Amino acid sequence: MIRDILLMGDPRLMRIAQPVIAFDTPDLRTLLQDMRDTMRALGGVGIAAPQIGVSLRIVIFGMDRSERYPDAPPVPYTEIVNPLITPLDAMTEETWEGCLSLPALRGVVPRFARIRYEGYDLAGNRIERLAEGFHARVVQHECDHLDGVLYPMRMRDMSRFGYESALFSETVD
Ligand code: NI
């Protein structure tokens, strides 16, 4: 089922989400289905459970090709429960990012360039991966939602924040 996305300003987006304790339950399967349906309906690259009002530590992400990020390389479709991120080094990269909870807006956000991330799949099997670049950025963005962090809270230069239609307009007037 496609669910409503909470928008920035909603206090439910600011909470620290709770770890999942019971795996492979009907409730968890339904929640994941709703997250998939909602992400696909909105053309998102990822979604976190708190964005549909469920305060649990679950994120999904992935895409072959995104209209929202036409130049980005593919990211493997992943569902991850209780994720943990470890940066591999201090190197960061800055580029444009958006979020379904801030429709039509974009901002330049610093993220770690190379990370390890780990967690569990729906059945409780362990997942561990290395990621870099856009893949690493998506994981960091989605996991931030689990700690009540939205991307503008990570930005260093608010002059590089605005409406996509204005920022990337071809028109010069
Ligand atoms: Ni987001």
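Which residues coordinate the nickel ion? In this predicted model, Cys99 (SG), His141 (NE2) and His145 (NE2) do so at 2.1 to 2.3 Å. Local features need pLDDT of at least 70 and side-chain atom pairs count only at pLDDT 80 or more, while totals for chains, interfaces and linings use all residues. Residues are numbered from 1 along each chain as its sequence is written, and side-chain values use heavy atoms, with hydrogens and water left out.

**Nickel site**
- Along the chain, the donors (N, O and S atoms within 2.8 Å of the metal, or 3.2 Å for Na, K and Ca; water is not among the atoms, so sites may look incomplete) follow the spacing C-x41-H-x3-H.
- Helix α2 (residues 133-145) holds both His141 and His145, four residues apart, about one turn of the helix; helices are DSSP runs of H or I with at least four residues, and strands are E runs of at least two, numbered from the N terminus.
- His141 and His145 are both buried, meaning under 20% relative accessible area with a 1.4 Å probe, protein chains only.

**Largest pocket**
- Two or more lining residues come from each of β3 (75-87), β5 (105-112) and α2, and β3 gives the most, with four.

Technical notes
Buried means under 20% relative accessible area, exposed over 50%, partly exposed in between (1.4 Å probe, protein chains only).
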